[in-house]
Amino acid sequence: MRRHSLAVLPGDGVGPEVTRAALTVLDAAQDRFGFGTERTEVPLGADHYLETGTLLTDDVVDQLRAHDAILFGAIGSPRVTPGILERGIILALRGAMRQAINLRPVRLYPGVPTPVRGLTPQRCDLVVVRENTEGAYVAQGSRVHEGTPAWTAVQESVNTWYAVERAVDFAFRLASVRRGRLTLCHKTNVLVEAGRLWTAVMDSVGERYPEVETDYVHVDAMCMHLPVSPERFDVVVTDNLFGDIVTDLGAVLQGGLGVAASANLTFEPDATSMFEPIHGSAPDIAGRGWANPAGACLSLAMLLGDLGEGEAAAAVEAATAAVLADLPGLAGEAMGASTHDLGERVAQVLREGSAPEVEGSLMVQLAQVRGMMGR
Ligand code: IPM
Ligand code: MG
């Protein structure tokens, strides 16, 4: 039997609730598709930090390296100064594991309410490939004369050919197994230096993928096009900060943060990819069963695709989409069921195999691209 070892990081707030729901779905996927997992829970997050004073230690990183994938809930707490846990755990993990890409689908599933009037599933199926280790997210910067009128802050953005090429190459491969379109999203009219490098990488890597059509959109224009004409886009590749911003907008298109999923992918042989719903820890609703587990379930689907369990990945996606389509509302009491119950429901649909197949599943495409890259 195929076996995969998973590190499970439930984290804070609603993280443990949605993660538990996703694991119920994983149980059902294993039964149906005949593979197994060993799961090790790793206690990272606010409680652990407040008890021990530690964030992500080298020992924990080494422990995580030994796993095939990390299933992540959410991190962040009002009991800890903002930024400490985010930088010390999430960003530290992305860096330590060299998770080069943050893959964020923007897909509206049939029957899911979107705030964008007139938007249909046919028109909303794109993927953002966000560079995940550099740009404005590098822990660089300096300040002088703090607290005086001369207070000066320098916060630069770092762009290396190496990291940009990894992201762009992955984006081309993904476009080549999708609809064959890749858009670079940047701000080359203002961030001229970074823009030159990104454009040069696009041109250079593009020579290897003549079948993929490319274009370019400024990030501000992207925020206009996304709600109005998302059908313009297939794969979008962009820098870390722009990707952070446009994917929150993308999440809204597909029904809100509760539905959006992400994959932090590494290409290093001794490192581990991490799969997390886009939503945060939502401490205000924690413990009430009000969080939508769809983002966590769809992140699990990407995890399975990445491990080469393409069939299971597609089935988890289909079952999640089917359950979403039947919900009266997408979060809180409006869902008409608890986080736990929705996990059970997705698991049940999965066991029955009753959900209609999702066409052009990103989860399957991910398995294809990872296969291409020899993993
Ligand atoms: C995300 C989040 C993180 C980011 C924060 C929590 C550090 O907003 O995953 O999009 O900025 O990348
Ligand atoms: Mg974000």
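Mentor: Let us begin with one pair: Glu 268 and Arg 98 form a salt bridge, their closest N and O atoms lying 3.1 Å apart. A salt bridge here is a side-chain nitrogen of Lys or Arg within 4 Å of a carboxyl oxygen of Asp or Glu. The model is predicted, so local features need pLDDT of at least 70 and side-chain atom pairs count only at pLDDT 80 or more, whereas totals for chains, interfaces and linings use all residues. Residues are numbered from 1 along each chain as its sequence is written, chains are lettered from A and ligands numbered from 1 in the order in which they are written, and side-chain values use heavy atoms, with hydrogens and water left out.

Trainee: How many residues apart in sequence are the parts that Glu 268 and Arg 98 tie together?

Mentor: Helices (H or I, at least four residues) and strands (E, at least two) are DSSP runs, numbered from the N terminus. Glu 268 lies in the loop between strand 11 and strand 12, and Arg 98 in the loop between helix 4 and strand 4. The pair therefore ties together parts whose separation in sequence is 170 residues.

Trainee: Is Glu 268 buried or exposed?

Mentor: Buried means under 20% relative accessible area, exposed over 50%, and partly exposed in between (1.4 Å probe, protein chains only). Arg 98, at 40%, is partly exposed. Glu 268 has a relative accessible area of 16%, so Glu 268 is buried.

Trainee: Where does Glu 309, the partner of Arg 2, lie?

Mentor: Arg 2 and Glu 309 form a salt bridge with their closest N and O atoms 2.7 Å apart. Arg 2 belongs to strand 1 (residues 2-11), so the pair ties together parts that are 307 residues apart in sequence. Glu 309 lies in the loop between helix 9 (294-306) and helix 10 (310-325).

Trainee: How many salt bridges are counted between domain 1 and domain 2?

Mentor: The domain bounds come from an automatic or database domain assignment, which gives domain 1 (1-109 + 261-375) and domain 2 (115-253). A search of the whole structure finds 21 salt bridges. Between domain 1 and domain 2, the count is two.
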